[in-house]
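Open the model in a viewer and follow the stops below in order. Each stop says what to select and what is there.

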Amino acid sequence: MTSTSAEGALDRVNSNSRPSDLRITDMRVAEITGAPFRSALLKIYTNQGIVGLGEVRDGASATYALMLKSRLLGENPCNIDKLFRRIKQFGGHGRQGGGVSAVEIALWDLAGKAYGVPIYQMLGGRFRDRVRCYADTDAEKPSGLETGKRLKERMELGFTFLKMDLGLMQIAHIPGAVVAPAGALEPFRHHAGSMLPRTLDERRQRNAIYDAQNVMHPFTGLHFSDKGLDLLEQYIAEVREVIGPEVPLAIDHVGHISLQDGIRLARRIEKYTPAWLEDVIPWQYAEQYRQLQQSTSVPICTGEDIYLKEGFEPLLKSSISVIHPDLLTTGGILETKKIGDAAQDHGVAMAIHMAESPIAAIAAAHVATATENFLALEYHSVEVDWWDDIQIGLPGPIVKDGFITLTDKPGLGIDDLNDEVLMQHLQPGATGIWQPTDQWDDDHSWDRTWS
């Protein structure tokens with residue numbers, strides 16, 4: 001070996017890291033909003049100066065991650081699976097999986113940085129050089145033509161896969177479009193998570209809305225009338241008129257309706273060739289998903305709120321067409337890779353849900369790169385002009401022409417986060433970022449789940 005090549009090899013070695021001696025020393029968070037929703041970003045610190053980055057699921061509390069701190073201090077973060085098995089009992093479906101998932105992602109980032117390799121390589125290497133993103137587009141106006149114009153703008157930015165809302169919220173304001181018990185529609189005109197109560201009465205009001213929105217679809221008594229279905233079909237027809245017939249178009253946010261109404265809607269929109277119809281009913285009803293998929297040619301999709309691979313097994317056996325995990329709920333990177341591989345065994349494609357910061361986006365892109373049956377990764381921040389600036393170290397824009405191209409940098413590939421940007425977007429009530437969390441250092445309970 002020449003001296004030049006030897007120097008080049010040394011340039012690729014992190015001489016500050018001895019992986020076997022790496023230890024976790026601290027955990028801190030930065031709570032921000034608007035990227036596009038509320039997020040809690042995570043840093044896990046070590047005795048060798050290497051810092052791992054993670055993120056709690058959008059809309060979830062940082063507490064879900066901080067409560068795990070005392071169970072991780074002093075441990076080697078490279079023992080990812082061991083630590084995951086220790087903490088996974090503290091996760092759950094939906095946002096409750098956010099803490100375990102945030103920690104797991106940060107552990108992978110640390111291991112990659114310690115050993116000098118990107119995460120996708122540790123997962124088995126690449127199936128693709130670029131990760132296709134689909135542009136999610138909320139329906140700000142109840143107009144198919146206006147939504148079509150917004151989607152067309154996405155296509156002009158290079159996106160080759162799109163998603164839009166189609167359901168209850170597009171027609172709930174129109175007399176005769178929805179059959180509903182008196183007062184049943186009103187709670188769905190607000191979002192409990194966006195309310196900031198100041199008085200006890202306001203808290204009771206928020207809780208009442210939260211309770212109503214927690215009633216599962218089969219029990220709400222809400223149904224689309226024929227008029228409502230006509231309007232929804234007209235809506236998607238107008239969208240297709242603007243964007244054309246060829247670009248994949250997924251459908252989301254159908255609303256709290258019944259299985260039977262989901263079948264009626266799916267049959268109405270088959271001619272517009274949706275890429276998938278998402279979360280028509282709660283994911284827990286695997287048998288109803290079987291009935292739904294067998295009743296329509298539209299691919300049926302769900303999964304963003306499922307924790308751990310075991311939660312997906314009934315759906316994978318139900319003939320569903322697409323699963324849609326979110327890394328920040330599933331349990332993290334390795335669990336999502338396992339979910340994707342299990343789906344492939346059942347002939348099911350995997351799209352990935354992601355409505356968070358560049359940390360979650362890049363973590364998901366590593367899984368997508370290393371998973372063969374991957375379809376598309378959600379991107380929900382087209383209008384957030386400071387989204388790329390959250391991170392330091394990756395060339396921008398992260399999403400370019402509708403794709404993410406990963407580098408071969410170690411770990412996630414992100415060097416650090418931009419504190420100046422984070423401070424400009426703090427959640428209400430947050431007084432700073434990366435503040436001490438010593439109160440969580442000695443939190444302890446006898447966690448064993450058996451005697």
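Where does P397 lie? P397 is in the loop between β14 (391-392) and β15 (399-400). Helices (H or I, at least four residues) and strands (E, at least two) are DSSP runs, numbered from the N terminus.

Before moving on, note that this is a predicted model, in which local features need pLDDT of at least 70 and side-chain atom pairs count only at pLDDT 80 or more, while totals for chains, interfaces and linings use all residues. Residues are numbered from 1 along each chain as its sequence is written, and side-chain values use heavy atoms, with hydrogens and water left out.

**Stop 1: two cis bonds**

Stay at P397 and select G396 as well: a cis peptide bond joins them, with omega about -5°. Then select A35 and P36, which are also joined by a cis peptide bond, with omega about 10°. P36 is in the loop between β1 (24-33) and β2 (38-46). Most peptide bonds are trans.

**Stop 2: the second largest pocket**

Return to P397, which is among the residues nearest the centre of the second largest pocket, together with P395, I398, I404 and T405. A pocket here is an open set of points on a 1 Å grid over the protein atoms alone, where a 1.4 Å probe fits, with protein on both sides within 12 Å along at least five of seven lines; lining residues have an atom within 4 Å of a point. This pocket holds about 240 Å³ of space, the volume being the space filled by probe spheres set on the points, which are joined across faces, edges and corners.

**Stop 3**

Select R240 in helix α9 (residues 226-243). R240 is buried yet has no salt bridge, and E246, the nearest side chain of opposite charge, is 8.8 Å away. Buried means under 20% relative accessible area, exposed over 50%, and partly exposed in between (1.4 Å probe, protein chains only). A salt bridge is a side-chain nitrogen of Lys or Arg within 4 Å of a carboxyl oxygen of Asp or Glu. For charge, Lys and Arg count as positive and Asp and Glu as negative; His and the chain ends are not counted.

Next select R71, in the loop between α2 (63-66) and α3 (80-87). R71 is buried, with a relative accessible area of 11%. Leaving aside neighbours within four places in sequence, R71 is in contact (heavy atoms within 4.5 Å) with R86, F90, D443, S445 and D447. R71 and D447 are 376 residues apart in sequence but 10.0 Å apart in space, C-alpha to C-alpha.

**Stop 4: positive phi**

Most residues other than glycine have a negative phi. Select W434, in the segment after α16 (419-423): its phi is positive, about 55°. W434 is buried, at 9% relative accessible area. D279 also has a positive phi, about 50°, and is found in the loop between β9 (277-278) and α11 (286-294).

**Stop 5: salt bridges**

The whole structure has 33 salt bridges. Select D415 and K409, whose closest N and O atoms are 2.9 Å apart. D415 is partly exposed at 48%, and K409 is partly exposed at 23%. Finish with R57, D58, R95, E304, D305, D326 and E356, which are linked in a network of salt bridges.
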